[in-house]
Every structure is written in C-alpha cells, then in structure tokens.
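The tour goes stop by stop: select, look, move on.

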Amino acid sequence: MKATPLQWKTDWCFEESQQRRHYVIEPWLDGRRVGRAHGWFESGERFVLEKIEIDSRQRSRGYGSTVIEQLRQKARDEGCRELVINNVRSSNLRAISLYEALGAKAVPLSSNLCAFAISPP
C-alpha cells in the first residue's frame with residue numbers, strides 16, 4: 001500500500017520585522033494537521049527554526065525530517081548560508097538524534113539549551 005503524501009500549508013511571510021520574515025509551515029495528512037513549525041529568516045543570511053512540533057501520535061514516521069527538509073529547501077531558495085534550529089533542550093534526545101542525522105552541529109547556548117546549525121542548508 002502506498003503512503004499518502006503530506007500536504008503543506010505555508011505562509012513564508014506572515015509577519016515582517018526589520019529584515020526578518022517570519023514564517024509558519026504545517027504538514028497535513030488526510031485533512032488533519034500533523035505538525036507545525038515556525039521561525040524567521042533573512043534572505044541571504046540565516047534561516048532560523050524556532051519551534052517544530054509533530055503530533056505525538058504521528059512521531060517516528062519521518063514527518064519531522066520532512067518538515068526540516070522543506071525548510072532547508074526554502075533556505076537554499078532564499079540564498080541563506082545556514083539553517084539554525086534554535087533553543088533545543090539538552091534532554092530532548094530524540095530531537096537531537098534527528099538533527100545530528102541531518103548533519104546539524106550543536107552550538108551550546110546555556111547549560112540546558114543548545115542550537116543546531118546546518119551549513120550550508
């Protein structure tokens with residue numbers, strides 16, 4: 001049986017502040033939202049993921065990595081030099097494992113938070 005592909009609802013510029021363009025991206029499956037990610041970017045500079053959430057019943061199905069791949073493509077399209085996944089708790093081992101598998105490098109922010117950078121996106 002073939003898997004149903006995700007559908008995307010995106011707003012790449014739902015708000016602007018200074019040079020930053022804030023975005024929201026949502027993956028949908030069979031008419032139901034399975035996640036949400038948001039952050040900001042400056043064309044030609046950084047693409048920042050502030051938060052990514054995947055519905056707990058939909059985890060471990062590749063949706064998180066698919067969302068991040070969509071964001072990486074947008075970062076490349078915008079000429080950004082890096083994709084930064086911000087404010088990751090050091091206790092969130094599943095997320096850290098995913099980010100590292102995607103080639104992200106940890107950047108400590110505090111004793112319990114770090115960011116992950118993928119450069120180039």
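**Stop 1: His 22**

Select His 22, which is buried at 15% relative accessibility. Buried means under 20% relative accessible area, exposed means over 50%, and partly exposed lies in between (1.4 Å probe, protein chains only). This is a predicted model: local features need pLDDT of at least 70, side-chain atom pairs count only at pLDDT 80 or more, and totals for chains, interfaces and linings use all residues. Residues are numbered from 1 along each chain as its sequence is written, and side-chain values use heavy atoms, with hydrogens and water left out.

His 22 sits in strand S2. Helices (H or I, at least four residues) and strands (E, at least two) are DSSP runs, numbered from the N terminus.

Show what else touches His 22. Setting aside residues up to four places away in sequence, the list is Asp 11, Trp 12, Cys 13, Phe 14, Glu 15, Ser 17, Gly 39 and Trp 40. Contact means heavy atoms within 4.5 Å.

**Stop 2**

Side chains of opposite charge can pair when their charged atoms come close. The term salt bridge is used here for a side-chain nitrogen of Lys or Arg within 4 Å of a carboxyl oxygen of Asp or Glu. That rule gives a count of ten salt bridges.

Select Glu 78 and Arg 21. They form a salt bridge, with the closest N and O atoms 3.6 Å apart. Glu 78 lies in the loop between helix H1 (63-77) and strand S6 (82-89), and Arg 21 lies in strand S2 (residues 20-29), so the pair ties together parts that are 57 residues apart in sequence.

Is Glu 78 buried or exposed? Glu 78 is buried, with a relative accessible area of 18%. Arg 21 is partly exposed, at 23%.

Arg 21, Lys 74 and Glu 78 are linked in a network of salt bridges.

Then show the contacts of Glu 78. Leaving aside neighbours within four places in sequence, they are Arg 21, Phe 41, Ser 43 and Gly 44.

**Stop 3**

Pick Glu 26 and Arg 33. Their side chains meet in a salt bridge of 3.2 Å, N to O. Glu 26 is buried at 14% relative accessibility, while Arg 33 is partly exposed at 43%.

Next, pick Glu 69 and Arg 72. Here the salt bridge is 3.3 Å, N to O. Both residues lie in helix H1, three residues apart, about one turn of the helix. Glu 69 is partly exposed at 33%, and Arg 72 is buried at 13%.

**Stop 4**

Select Leu 49, in strand S5. Leu 49 is buried, at 1% relative accessibility. Not counting residues up to four places away in sequence, Leu 49 touches Tyr 23, Ala 37, His 38, Ile 68, Leu 71, Val 84, Ile 85 and Asn 86.

Draw a distance from Leu 49 to Ala 115. These two are 66 residues apart in sequence and 9.7 Å apart in space, C-alpha to C-alpha.

Draw another to Leu 83. The C-alpha atoms of Leu 83 and Leu 49 are separated by 7.5 Å, and the residues are 34 apart along the chain.

Stay on Leu 83, in strand S6. Leu 83 is buried, with a relative accessible area of 0%. Among the residues that Leu 83 touches are Phe 47, Ile 68, Arg 72 and Phe 116.

**Stop 5: the largest pocket**

Which residues are closest to the centre of the largest pocket? The pocket holds about 690 Å³ of space. Of its 25 lining residues, Ile 52, Glu 53, Asn 92, Ala 95 and Tyr 99 are the closest to the centre. On a 1 Å grid over the protein atoms alone, a pocket is an open set of points where a 1.4 Å probe fits, with protein on both sides within 12 Å along at least five of seven lines; lining residues have an atom within 4 Å of a point. Grid points are joined across faces, edges and corners, and the volume is the space filled by probe spheres set on them.

Color the lining by element. Strand S5 (46-54), H1, S6 and helix H2 (93-101) each supply at least two residues. S5 gives the largest share, six residues.
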